[in-house]
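Q: Could we go through this structure together, starting with the words I will need and then moving from the whole chain to single residues?
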There are 2 protein chains.
Amino acid sequence: MTGLKFAIVGCGAIGGFYGVKLVQAGCDVHFLFHSDYETALSDGLKVDSVDGDIYLPHVCAYHNSSDMPKCDVVIVCLKTIKNNTMPQLIAPIVSQNTTILLIQNGLGMEHELAVHFPDNTIYGAMAFICSNKIGPAHISHLDYGALTVGCYQHGNDTILNFADSLKSVNVDVDIVPDLNTARWRKLVWNIPFNGLSVVLNKTTDHIVGNVSTYELARCIMIEVIGAARSCGAEIPDSFADKMLDATKKMKPYKPSMMLDFLNRREMEIGYMYDNPVEEARAHGYEMKYTHMVECLLRSIQAGYLNR
Amino acid sequence: MTGLKFAIVGCGAIGGFYGVKLVQAGCDVHFLFHSDYETALSDGLKVDSVDGDIYLPHVCAYHNSSDMPKCDVVIVCLKTIKNNTMPQLIAPIVSQNTTILLIQNGLGMEHELAVHFPDNTIYGAMAFICSNKIGPAHISHLDYGALTVGCYQHGNDTILNFADSLKSVNVDVDIVPDLNTARWRKLVWNIPFNGLSVVLNKTTDHIVGNVSTYELARCIMIEVIGAARSCGAEIPDSFADKMLDATKKMKPYKPSMMLDFLNRREMEIGYMYDNPVEEARAHGYEMKYTHMVECLLRSIQAGYLNR
């Protein structure tokens, strides 16, 4: 519909969902698969969605990025634990006019990427979505789906075409003026609830349902807000209570890091914990609660990853 | 030997050990038992000790403090979770000349006790000992045994008699000039290792053996030292590394709080965590690491105590 060529790099719960939605919107989408490549090639891509199931029997599936065409928009939905190899992975599909969009959680991803692609347009996005991969090339979309997008460098209008395409299939896309603030706002929830769900091995309802962990979650949120402020992202303290109230109303939920933990996968500690702690420290703010969560997570992960 | 009448209130791993040692030194010791009263009355008190086993077939055992004589020295070895009822418990055996000695971990116990006994001599002590209760009126003494004793109010020479009695049976007693500093020094180890052993369900060797938890333990220690300083207890930062080195050399060890946790007993959170956090806060110092340990411990305890 837009005439643009899209690449989805990392076709899990997030990339699979937005890629399928772009196809549904009539876009030309090229999917880079890892372990699910054979299944995607033979069986296509399935999204069981609260908004109506989608089944694409044929998708433009690739196993190597070097086999893919250069794309106008490269959408990276890899877990951040793979970001050390990501620039090399996307290099074959990035031309000088390519817009790169990172749909990832954490802080500092765009900054690292820009070192490799200093002249490219780079956007960052956060997905507010409940979706899981339930099998090879098979995604379950449970709730929500909105994207918040902000420009990191060299903003252009391509992102508007992307947003319009998704909006045409009922996916909300909010383009915000300040990526830094948007990333920190997401961390206000992610830092306490991802970490505590693993440390305590409890879903979100237990964390907000116990007075001690509710208090702790709030203290962590206030710390993240303070850190954000030190890094130039203005978030009011009342945002913590708004998030806590929203979490109280949510159904019992396993944050993505808890799913990684329960499945003995590597957790996204670096971008979600180390980077905010270091960024805040560079601005003279010590995130002690967050640092402690980070240390506990690393210790827990060492217990099952043997690294 | 001293002519003094001693009471041991709380005859577990600590009280049983020091009480038996006092008997061995020839002192007149009156033991207040709780659940082990019947066993102590019929079978006596046993200490299996690295320094030589001791068996007292007959001890002055009581089940109610109102049946006991007034004592010259009342040695309280109860867990601090019972401190809310302790003043009433010892009232029958305390006269105006009684010296009260609290062998307990944490902060603020003497201050609370002094409200009830403003005119009595009060000492505080910390036991550096590895001992466990392995059965009713049966204690296993594995290692160490030294006491550090400091005066809280109205110091007198009775404590010297007490110390001499224990020294005569090879128990080191160090009478220090500053109880406040001694209590904070003990907290430098207790706060990280008791708490983290429960939060991580790991013995001390694992905590110092993993880079992340070693770093965390050190951060907590430095925080406790900073808090101590704000409360007038001068401890050098190098004390943290000294304690960490000592812990590395220790055999795998389950701190007392971990034993409570593993046996699903109430943990000594109030005096070991809440009180230091509040005391430091009153002096303008925020113990964020310690506060987080406290919150995690309360949440973990709520999971098995249903309170």
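A: Helices (H or I, at least four residues) and strands (E, at least two) are DSSP runs, numbered from the N terminus. This is a predicted model, in which local features need pLDDT of at least 70, side-chain atom pairs count only at pLDDT 80 or more, and totals for chains, interfaces and linings use all residues. Residues are numbered from 1 along each chain as its sequence is written, while chains are lettered from A in the order in which they are written.

Q: OK, how many helices and strands are there in chain A?
A: Chain A has 12 helices and 10 strands. With a radius of gyration of 19 Å, close to the 19 Å that the globule rule gives for 307 residues, chain A is as compact as a globular protein of that length. Here the radius is taken over C-alpha atoms, and the rule is 2.2 Å times the number of residues to the power 0.38.

Q: And what percentage of the residues in chain A is buried?
A: Buried residues account for 57% of the 307 residues in chain A, where buried means under 20% relative accessible area, exposed over 50%, and partly exposed in between (1.4 Å probe, protein chains only).

Q: Switching to chain B, which strands does S9(B) pair with?
A: Two strands pair if DSSP finds at least two bridges between them. Strand S9 (residues 138-153) of chain B runs parallel to strand S3 (residues 45-49) of chain B, with four bridges joining them, and antiparallel to strand S8 (residues 121-135) of chain B, with 13 bridges. Four bridges also join S9(B) to strand S10 (residues 173-176) of chain B, and these two run parallel.

Q: Which residues face each other there?
A: Asp48(B) is opposite Ser140(B) in S9(B), whereas Gly150(B) in S9(B) is the bridge partner of Gly124(B) and also has Val176(B) in S10(B) as a bridge partner.

Q: What about the turn between S8(B) and S9(B)?
A: These strands form a hairpin with two residues between them, and Ala137(B) in the turn has a positive phi of about 55°. Most residues other than glycine have a negative phi.

Q: Which loop holds Arg264(A), and is that residue buried, partly exposed or exposed?
A: Arg264(A) lies in the loop between helix H10 (256-262) and helix H11 (269-282) of chain A. Arg264(A) is not a glycine, yet its phi is positive at about 55°, and at 47% relative accessibility it counts as partly exposed.

Conventions:
Heavy atoms only, no water.
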